[in-house]
Amino acid sequence: MKKLNEINISGVSLPLYAFIVIVLAVTIAMGKLPLNMLGLTLLLVVMGHLLYFIGEKLPIMNSYLGGGSVFTLLGATLLATFHVIPANIITATKGFLGDSFGFLDFYIAALICGAILGMNRNLLVKASARFIPVSLVTMVVGALSVGIVGSLLGQGFGYSILYVSFPQMVGGMGAGILPLSKIYAANLHGSQAAIFSQLAPATTLGNILAIIGAVLIVKVFADSPYNGHGVLIPVNKDELKKEKLTLDPTQIGVGMMFAFSIFLLGVICNAFVPKIHSYAFMIIIVFILKAFNAVPKPLENCVAMFNQVIMTNLTHAVLAGIGLSLIDLSTLAKAMTWQFILLSLTSVLAMGLASALIGKLVGLYPVETAIGSGMINNSMGGTGNIAVLSASDRMEMIAFAQMANRLSGAIILILGGLLASVLS
């Protein structure tokens, strides 16, 4: 028993964890799991931490395939696919992450606000001025590369861009291929449901390849001078120093209220300019506040504390939720032709390589740029960003990732409307 107690999963001893899992499993088997914040949070946290723990212990998985983060995603997806988790819980989880409960908004609001306010101001301003142009050029390279390879494979230049490149770059499901499918349907006079089912496999496969790509980039360039270890731009060590915070319950609450208030400002702005996502407005607002030193240091520390608590406890839960409710293996399997896989891979490789090279030219670390622009712009929006950054141990780049992803998503929706009838 002593040896078992020495094994812990995210701070919980193995015997206690086993007890929690048994209680959860019995409750699910009886059909009595509360499909509310209490039941779903416990399910996702317990499942997420357990799958992450297992993934980190598996030899090939932990070295080359994304370790705990990817295993959490795939493990949860398999549990849903093989009906180990009941369908009503999967449906409830989708609502819990999305509009019904907004668990994902809760998580991302904490991450964005904490990441930007906790960053050195000079570093943020200098890096952003170079990072945004790199992301824009990378998108053009990615789309053209997929189109050209699609032509060579007999898939068609326009078709490859519209149904592989654009859905991989548009930023996920809800704020990405859902509105994109509506735009295509309106322009092509087709069925939105049919078009959505054509776009979804590219979004899903692109995200999986981006996660694996980010992990391999970090592995290959682990000891390279091209690796900024989570920092986009070369800076002196003083700029990277962070104040060591002692967590205080009251201050964590203050940080939560401030972060959520900024998110609501983003929601208000989105109501006036619907084409720009609330997350994008939130990033802009926090960026401006940080650039002008408008937030007092004690308040910044409160937000950083809140960010720390949420990241530590809920990241694996979010990954489990994504796997359970947002990745459909059956739809993905039906689309798995070798041409489709090669086109999806082309997008990830071309954008990763382009962003690294251009990033190097403008003075950014190629590893961070390849992940933050190349891989992130092939991911499923906010959820995909978390998966890519978590797998590559780059969660401090969440603000830049969201910036790149939301910017690319908005541009793709505009281009989709302009080019759908031209390229189809």
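The legends below describe close-up views of a predicted model.

Local features need pLDDT of at least 70, and side-chain atom pairs count only at pLDDT 80 or more, while totals for chains, interfaces and linings use all residues. Residues are numbered from 1 along each chain as its sequence is written, and side-chain values use heavy atoms, with hydrogens and water left out.

**View 1. The whole chain.** The chain holds 20 helices and 2 strands (DSSP runs, H or I of at least four residues for helices and E of at least two for strands, numbered from the N terminus). Its radius of gyration is 21 Å, close to the 22 Å of the globule rule for 424 residues, so the chain is as compact as a globular protein of that length. That radius is taken over C-alpha atoms, and the rule is 2.2 Å times the number of residues to the power 0.38. Along the principal axes, the C-alpha atoms fill a box of roughly 65 × 55 × 45 Å.

View 2. Domain 1 spans 1-99 and domain 2 spans 103-423; the bounds come from an automatic or database domain assignment. Their centres, taken over C-alpha atoms, are 25 Å apart. In contact (heavy atoms within 4.5 Å) are 27 residues of domain 1 and 25 residues of domain 2. The area buried between them is about 2,400 Å², with 75% from carbon and sulfur atoms. Buried area is the accessible area (1.4 Å probe) that two parts lose on being put together, summed over both. On the domain 1 side, Leu73, Thr77 and Leu97 lose the most area to domain 2, together 26% of what that side buries.

View 3. Helices H3 (37-57), H4 (59-64), H5 (67-81) and H6 (87-97) each give two or more residues to the side of domain 1 that touches domain 2. H5 gives the most, with 9 residues.

View 4. The whole structure has 3 salt bridges. One joins Lys290 and Glu300, with the closest N and O atoms 3.2 Å apart. Lys290 lies in helix H14 (residues 278-291) and Glu300 in helix H15 (residues 297-325), so the pair ties together parts 10 residues apart in sequence.

How values were computed: A salt bridge is a side-chain nitrogen of Lys or Arg within 4 Å of a carboxyl oxygen of Asp or Glu.
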